Amino acid sequence: MRTHGGTGSGILGIVIAICALAIVGVPHASAAKETWNHVANIKDAAKRLGDLHRREGSAGVLKFLDACYRTQMLASEYSQGLESCMAQDYMHSQVLAQIYARIPQADRVRMGTPAPEDIARGMGARFVAAFSQYKISVKQAEAFKKMVDKNGMPIFLKAVFPPKKPGDADNNSDNDNNSDDGATGGSK
């Protein structure tokens, strides 16, 4: 089973804390009456994010999220659509930051990829804007993060990093050659 802890997780946890602190000054009035099932919405957002990532990669996800925020933040009330955007942004940013955290800085610079901290800061700025605009309380922001971690992240991770199955072409590449499964090595 894959986990989503590690360096990137700590960075994004800090960003969520900063977001929460940034909105402490915002009145704690509840967002508009929310009539949708948040867990179902987050699960659906995770599935759609996984599909989009497989089809268009990270660049396609980033382009989609930019358009999603631009559209959804025009609304006068917090919406199911914005919740989906934010859940997808959180999942994608967390995984991307964890992946980039494993790449040495010199290599990231050479490849033109952002630092994990920059990914976290960008997501944090988007979250602060949304939380502030829609008067999302610290308690609501923390509940959102927990819902995404519990209900969305496992779906997204499974979609983007499916578990290896016996017989996959590269399944034995991570194993020692002294495997006792009777395999004689695969043909390519």
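This report covers helix packing and aromatic pairs in one predicted model.

Local features need pLDDT of at least 70, side-chain atom pairs count only at pLDDT 80 or more, and totals for chains, interfaces and linings use all residues. Residues are numbered from 1 along each chain as its sequence is written, and side-chain values use heavy atoms, with hydrogens and water left out.

**Helix packing**

Helices here are DSSP runs (H or I, at least four residues), numbered from the N terminus. Axes are lines fitted to C-alpha atoms over the stretch in contact, and angles run from 0 to 180 degrees between N-to-C directions. Helix α3 spans residues 80-101 and helix α5 spans residues 116-133. Helix α6 covers residues 138-160.

| Helix pair | Angle | Axis separation |
|---|---|---|
| α3 and α5 | about 165° | 8 Å |
| α3 and α6 | about 65° | 10 Å |

The angle between α3 and α5 is about 165°. That makes α3 roughly antiparallel to α5 (over 145 degrees). Their crossing is left-handed (the near helix is turned anticlockwise from the far one by less than a right angle). Contact means heavy atoms within 4.5 Å. Residues of α3 that meet α5 include Leu82, Met86 and Tyr90. On the α5 side, Ile119, Met123 and Phe127 are among them. By class, this contact has 13 nonpolar, 1 polar and 2 charged residues. Ala, Val, Leu, Ile, Met, Phe, Trp, Tyr, Cys and Pro count as nonpolar, Asp, Glu, Lys and Arg as charged, and the others, Gly among them, as polar.

For α3 and α6, the angle is about 65°. That makes α3 roughly perpendicular to α6 (65 to 115 degrees). The crossing of α3 and α6 is right-handed (clockwise). Met86 and Tyr90 of α3 take part in this contact, and Phe144 is one of the α6 residues. The contact of α3 with α6 divides into 10 nonpolar, 3 polar and 3 charged residues.

**Aromatic pairs**

Rings of Phe, Tyr and Trp (its six-membered ring) pair if their centres lie within 6.5 Å. The count comes to 4 aromatic pairs. Phe127 and Phe144 form an edge-to-face pair (planes over 60 degrees apart), at 6.1 Å centre to centre and 65° between the planes. Phe127 sits in α5 and Phe144 in α6, 17 residues apart. Phe127 is buried at 0% relative accessibility (buried means under 20% relative accessible area, with a 1.4 Å probe and protein chains only). Phe144 is buried too, at 6%. Trp36, Tyr78 and Tyr134 form one aromatic cluster.

Methods: Helices (H or I, at least four residues) and strands (E, at least two) are DSSP runs, numbered from the N terminus. Angles under 35 degrees count as roughly parallel, over 145 as roughly antiparallel, 65 to 115 as roughly perpendicular and the rest as oblique. Rings of Phe, Tyr and Trp (its six-membered ring) pair if their centres lie within 6.5 Å; planes under 30 degrees apart count as stacked, over 60 as edge-to-face and the rest as tilted. Buried means under 20% relative accessible area, exposed over 50%, partly exposed in between (1.4 Å probe, protein chains only).
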